[in-house]
Protein chains: 2
Amino acid sequence: MNIDMITAAAARLDGHVRRTPLLSSPFLDEIAGRRVFVKAECLQHTGSFKARGGWSAVSALTEAQRKAGVIAYSSGNHAQGVARAAAAHGSPCVIIMPANAPAIKIANTRALGAEVVLYDRATEDRDAIGLRLSTERGLTLIKPFDDAQVMAGQGTTGLEIAAQAAARGITNADVLICCGGGGLTAGVALALEASAPGLRARPCEPEGFDDTARSLATGQIQRNAAAEGSICDAIVTPQPGDLTFPIMQRLCGPGLVVSDDDCLRAMALAFARLRIVIEPGGAAALAAALFHGDSLQGDAVIAIATGGNVDPDTFTRAIAMDT
Amino acid sequence: MNIDMITAAAARLDGHVRRTPLLSSPFLDEIAGRRVFVKAECLQHTGSFKARGGWSAVSALTEAQRKAGVIAYSSGNHAQGVARAAAAHGSPCVIIMPANAPAIKIANTRALGAEVVLYDRATEDRDAIGLRLSTERGLTLIKPFDDAQVMAGQGTTGLEIAAQAAARGITNADVLICCGGGGLTAGVALALEASAPGLRARPCEPEGFDDTARSLATGQIQRNAAAEGSICDAIVTPQPGDLTFPIMQRLCGPGLVVSDDDCLRAMALAFARLRIVIEPGGAAALAAALFHGDSLQGDAVIAIATGGNVDPDTFTRAIAMDT
């Protein structure tokens, strides 16, 4: 995994994913006490940066692999990213989702052309189902983060940030990244190392699910005690990936930890000041930029708003928050 | 008023207003039965296209005028657009607002550096206050739409649409525009005439406030019967402007009329499918694209989402709509 894979992914993604804008507001600058820039990946196709990794992985397959098809496990944004890429490449796509996933997510994944296979979390083994299907049909598994081509796709976000920061004269700043398994964080860190060495990638996680922050602090992969319990569902993963962690350990600054309420308030401010929709897990980086500035370096900060797939009830709760 | 003024405005605006993205979603295409593209001016600085006209007008002033300052009447988006431009040009700025305007709009306008003068709608004469202040201080009045430099600034939106449509191979389509006094509609129509003659500008208005549609249909400026009564406050104006109407009459296709509920549903779909925040008056064009497609031409439609300054209660009501 290296910068050449990211620039190659950028070439494959060109014209197929959006170059998302870097947004700002003087009102956010005032709250943070420094200039705040938001990389709005919620405006990406399928509503999250996962469209990048999905496209990168599917477009890197051989003709035979693509014809046979792909498979992914996901109840959320990765499913939609892979499904969109597979459909555009004419590749059959199976997504394995828990039967109790939100109906809208199941419907959206189907609408993007994927065959959705549901399983019962309590009684069925997801991996066994996936293994059986991929063996029977010769499907290629596309993992959500611990896959070099997926990481390379996510890393293209970092190439864009480097160029957008340079255009604004930002040469020394923290780049805050909502972090689950670390695919985006590792990819962006590699891209910044090569193209904007004054920018430092830092993972942001919810309280209780700060496996990456603790892993970076101890130098060893740490697991979370709980499997669920944060509204930031998109970035709740058991532990950093075997491929992503060594990259993060070499390149990333210390992790930041935010509360669920921090994320809801950041969503409310993004609504009022940037007019974008961010999901809770996509707001962790902006929350850190706005409310945890003490540990940041430089007079500017860049936060990636990683996704915007949120149900109306949760969004209503967020924008009713006192900011 | 001509295309040269728009290209000159574009040069003055370069680097100071955002080139907003043209967004899309296969889910919206399916509802509309054609490809739908949304020009997201809600992502513009100050949350609406008015930042363009404000910048254009202030940057076109002489040094002496700029030093003396500017004045505008507005309870909404025009106020913020003018205030931002004036502050950036070091120009004093007075905004005359009704005392019962939403507190957040008054606060935002002040935060952008303007002196806000409040008046009582029932007992005071806005124009008399404005005239006195502008005479005393030598302030230049910047009208919200019937001003050539304001129209030229709004028209830069049309230049961007022409380029973005060409990049997507769209050569024949209606461009739907939320229309109040017609400054944006006229500016965009002129820009499209010069740079994308296959694209046709069409104003979109709320039911009961379709003065422009009726004026276009009859060839004479028509007034609205009521002064208020739509949730689309940003585009409720008494009648088309004296400068804007002749341009619209020469260049625009028939007007489209949408209901308040159409706008709320369009806001809900923009939330779910594009992850952007649109205000009711900024959703009229998207509502027409999605729900009034019978009268559109071509296999693609472009809708300008003109603004995103909406309070949480109204937005909550919108995203709870059945779409």
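Mentor: The buried residues of α9(B) are G183(B), L184(B), T185(B), A186(B), G187(B), V188(B), A189(B), L190(B), A191(B) and L192(B), where buried means under 20% relative accessible area, exposed over 50% and partly exposed in between, with a 1.4 Å probe and the protein chains only. This is a predicted model, in which local features need pLDDT of at least 70, side-chain atom pairs count only at pLDDT 80 or more, and totals for chains, interfaces and linings use all residues. Residues are numbered from 1 along each chain as its sequence is written, chains are lettered from A and ligands numbered from 1 in the order in which they are written, and side-chain values use heavy atoms, with hydrogens and water left out.

Those buried residues make α9(B) mostly covered, at 10 of 13. The helix runs over residues 183-195 of chain B and reaches 18 Å from its first C-alpha to its last, close to the 18 Å expected at 1.5 Å a residue; the expected span is 1.5 Å times one less than the number of residues. Helices (H or I, at least four residues) and strands (E, at least two) are DSSP runs, numbered from the N terminus. Among the elements of chain B that cover the buried residues of α9(B) are the helices α1 (3-13), α8 (148-167) and α11 (244-251), together with the strands β7 (173-178), β8 (199-206) and β10 (300-305).

The structure holds one cavity of 30 Å³ or more, a cavity being a set of points on a 1 Å grid over the protein atoms alone where a 1.4 Å probe fits but cannot get out, while lining residues have an atom within 4 Å of a point. About 150 Å³ of space lies in the largest cavity, a volume being the space filled by probe spheres set on the grid points, which are joined across faces, edges and corners. Of its 17 lining residues, S25(A), P26(A), R273(A), R275(A) and T46(B) are the closest to the centre. At least two lining residues each come from α2 (26-32) and α12 (260-274) of chain A and from α5 (77-88) of chain B.

Most residues other than glycine have a negative phi, whereas T46(B), not a glycine, has a positive phi of about 65°. A positive phi, of about 60°, is also found at R275(B), again not a glycine. R275(B) lies in the loop between α12 (260-274) and α13 (284-291) of chain B and is buried, with a relative accessible area of 6%.

R273(A), another of the residues closest to the cavity centre, brings us to N108(B) in helix α6 (residues 103-111) of chain B. Leaving aside neighbours within four places in sequence, N108(B) is in contact, meaning heavy atoms within 4.5 Å, with F27(A), R273(A) and Q80(B), so this residue of chain B has partners in chain A as well as in chain B. N108(B) is itself buried, at 9% relative accessibility.

Notes:
1 Å grid on protein atoms, 1.4 Å probe; cavity = no way out; pocket = protein on both sides within 12 Å on 5 of 7 lines; lining within 4 Å.
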